[in-house]
Each structure stands twice: as C-alpha cells, then as structure tokens.
Amino acid sequence: MTSPAKAPRDFKATLKRHRAGVEAAIDKWLPAATTRPGVLHEAMLYSTKAGGKRLRPLLVLAGHSLFPSKLDPHPAAVAVECLHTYSLIHDDLPCMDDSDLRRGLPTCHKKFGEATALLAGDALLTYALWLLADAYKKHPPVAAGLVRILGDAAGSEKLIGGQMEDLLGEKGKPNAERLDFIHHNKTAALITASLLLGLRLTNAKPAKFKIMAEVGQNLGLAFQAIDDILDATASAEVLGKTPGLDERHGKLTYASLYGLDVARDKARKLTRAAVRGAEKLGGNNWFLLELIRELEHRVN
Ligand code: GRG
C-alpha cells in the first residue's frame with residue numbers, strides 16, 4: 001500500500017477517497033437505527049447521513065496527513081461531523097432559524113418533530129465527545145487533548161456563544177465588532193478545531209499548533225464570507241438549504257454589513273492568508289493547500 005505522503009497528488013481522487021472513508025466511518029461508528037429508542041437513532045442518522053460537504057472531517061484528515069502518525073483519524077473525523085450536525089439540527093429549529101430544508105432534505109424537526117430533533121441534536125453532541133474519549137482510550141493524553149479541543153470549540157464562549165450573539169444581533173444596528181465575534185466563534189472555531197484535531201493525532205511540534213490555529217481562523221472566516229454571499233445569491237436547489245434566511249431574520253453578515261463585493265474581496269484575502277499559513281506549516285501540506293483554494297470557489 002502507498003503511504004499518504006507517497007500517493008500521487010491527485011486532488012479530486014484524494015477528495016473522493018477521503019469522503020468515502022468518512023462515509024464508511026460514519027456507518028461504522030454511529031449507533032444503528034435499530035438501537036433503542038429507534039426513532040432517536042433514526043433521526044441522528046437521518047441528519048448525519050443526509051449529505052453535506054464533510055468539510056470538517058476533511059480538515060481533520062488534512063491536518064492528520066501533514067506529519068507522521070500511527071493513529072486512525074476517522075473517529076475524530078466522525079466526532080466533529082456529529083458535533084457539526086447537532087449544531088445544524090438545532091440551528092434549523094423554529095426557535096432559531098426556523099428552516100425547512102437542510103442538505104437537500106426536510107430538516108430534522110420537519111421530518112421527526114421538534115422534540116425528537118432537539119434530542120437528536122443533544123445526543124449527537126454528547127456522542128461526539130464520548131467517541132473521542134472511547135476511540136483513543138489506549139492513548140489517554142491524546143484522548144484528553146482531543147476532547148479538550150472539541151469541547152472548547154463547541155462551548156459557551158465559541159460555537160454556542162457565537163450563536164447567542166447571532167440571535168442578539170438580529171434586527172440590531174449594523175455592528176462590525178459583533179459580526180467579527182459571531183463569525184470567529186460560530187463558524188471559524190469549529191473549522192479551526194477540525195484542523196487541530198487532525199494535527200493532535202500526529203507528532204507535530206508545539207509551534208505548529210499556533211500556525212494551524214491561524215490557518216483555521218482565516219479559513220473559517222473565508223468560509224463564512226462565502227456562506228453569507230451564497231445565502232444572498234444562490235438557489236435552494238444548488239444550496240440544499242433554504243436561501244435568504246439571513247435577510248429574512250435581519251442577520252448581521254458580511255453581505256448585509258459590507259455588500260457582496262466587499263464580502264467577496266474579504267473571502268479572497270482571507271483565503272490567501274490561510275494558504276500562506278498552510279505553506280508555513282510545511283510537511284505533507286499539498287492536500288490542505290488544495291482544499292483551502294478549492295473552498296473559495298464553492299457553490300454550496
Ligand atoms: C443549543 C438550542 C441550541 C442551539 C445551538 C450551536 C448552534 C445552535 C448553532 C451553531 C451555529 C451554526 C449552525 C453555524 C453555521 C456555520 C455554517 C456555515 C454551517 C454550514 O456548514 P456547511 O456549509 O454545511 O459545511 P454542510 O451541510 O455542507 O455540512
């Protein structure tokens with residue numbers, strides 16, 4: 001078998017192989033729909049397997065392939081996708097964005113009802129942290145490090161804090177400082193954590209973590225700038241989710257605060273900064289570099 005470092009540098013083929021690995025790992029690690037209570041596990045699987053770009057798991061794999069490692073990154077990739085899916089299920093609830101469409105399908109609460117969707121989100125969040133602790137239990141410092149990275153990104157000062165400020169910002173006055181807080185914490189924190197989870201599974205030197213955190217922040221903000229643009233410009237068919245919700249809810253976004261052209265320029269500059277950081281990381285960084293460049297041009 002060819003080692004990742006020696007495999008041919010075919011981005012599309014590598015992306016396909018990594019995505020297939022993530023799908024197989026989701027099937028392997030998530031409890032089956034027949035597990036009692038069936039409807040809860042069915043709802044968890046429905047939203048997790050509905051599709052999606054699998055960006056965060058891909059970032060775990062990209063971070064992991066930078067430096068030598070004897071540890072399987074797939075449980076960490078599944079954990080971050082579970083946590084991300086929880087945030088989407090809760091974000092779609094009537095008390096949040098009240099959205100009907102996600103990943104090209106009816107949202108979890110439209111399909112299973114609000115109470116089950118709430119519990120499915122809760123269960124995915126808990127499962128994500130359990131999976132990290134369990135899958136890496138033979139390496140306690142690694143397991144603890146991974147739980148710390150994901151728990152930190154998902155907590156009240158980052159993911160949930162960002163969501164809280166997002167709600168507080170609705171229909172408020174334009175506020176660049178608040179927008180910065182929201183995007184750093186609601187989106188960039190989990191993208192950064194995904195890269196750090198992958199890196200934590202390698203023998204990377206401590207200095208690399210600081211550089212990687214900067215790559216994650218720049219990439220996460222670029223990703224959100226494009227998300228803001230797509231929400232304002234793309235169709236439901238292409239997006240796979242309800243477009244125009246930002247405007248309907250009076251949300252603070254790069255597009256609403258600065259306009260589409262400035263938002264596009266920000267995405268370009270932030271992508272360039274992320275690329276520079278990934279170049280500085282060294283190691284087997286070609287897949288990470290290609291992935292960062294590719295994301296600037298995504299259509300959904
Ligand atoms: C606790 C009630 C309760 C709610 C918490 C944590 C939370 C709600 C919301 C998180 C906020 C959130 C959904 C941020 C979205 C960031 C973002 C750009 C999501 C879309 O990610 P993609 O495009 O989605 O990667 P796919 O479907 O491709 O995985």
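**Helix packing, ligand surroundings and backbone features**

H9 passes H10 in a right-handed crossing, a crossing being right-handed if the near helix is turned clockwise from the far one by less than a right angle, and left-handed if anticlockwise. The model is predicted, so local features need pLDDT of at least 70 and side-chain atom pairs count only at pLDDT 80 or more, while totals for chains, interfaces and linings use all residues. Residues are numbered from 1 along each chain as its sequence is written, and side-chain values use heavy atoms, with hydrogens and water left out.

Helix H9 spans residues 176-200 and helix H10 residues 206-233; helices are DSSP runs (H or I, at least four residues) numbered from the N terminus. The two pack at an angle of about 140 degrees, with their axes 7 Å apart. Axes are lines fitted to C-alpha atoms, for helices over the stretch in contact, and angles run from 0 to 180 degrees between N-to-C directions. H9 and H10 are therefore oblique to each other (angles under 35 degrees count as roughly parallel, over 145 as roughly antiparallel, 65 to 115 as roughly perpendicular and the rest as oblique).

A second pair is formed by helix H4 (residues 74-92) and helix H8 (residues 159-169), which pack at an angle of about 20 degrees with their axes 12 Å apart. H4 is therefore roughly parallel to H8. Their crossing is right-handed.

The ligand has 18 residues around it, of which Lys-53, Arg-56, His-84, Arg-103 and Gln-163 come nearest; a residue is counted if one of its heavy atoms lies within 4 Å. Polar side-chain atoms lie 2.6 Å from a ligand oxygen atom in the case of Lys-53, 2.7 Å in that of Arg-56 and 2.8 Å in that of Arg-103. The protein buries 89% of the 740 Å² that the ligand exposes when taken alone (accessible areas by the Shrake-Rupley method with a 1.4 Å probe).

Most residues other than glycine have a negative phi, and most peptide bonds are trans. The bond from Arg-36 to Pro-37 is cis, with omega near -5 degrees, and Pro-37 lies in the loop between helix H1 (11-29) and helix H2 (38-48). Arg-54, not a glycine, has a positive phi of about 60 degrees; Arg-54 is found in the loop between H2 and helix H3 (55-64).

Terms used. A polar contact is a pair of N or O atoms within 3.5 Å; within protein, one must be able to donate a hydrogen and the other to accept it, and residues adjacent in sequence count only if both atoms are side-chain atoms.
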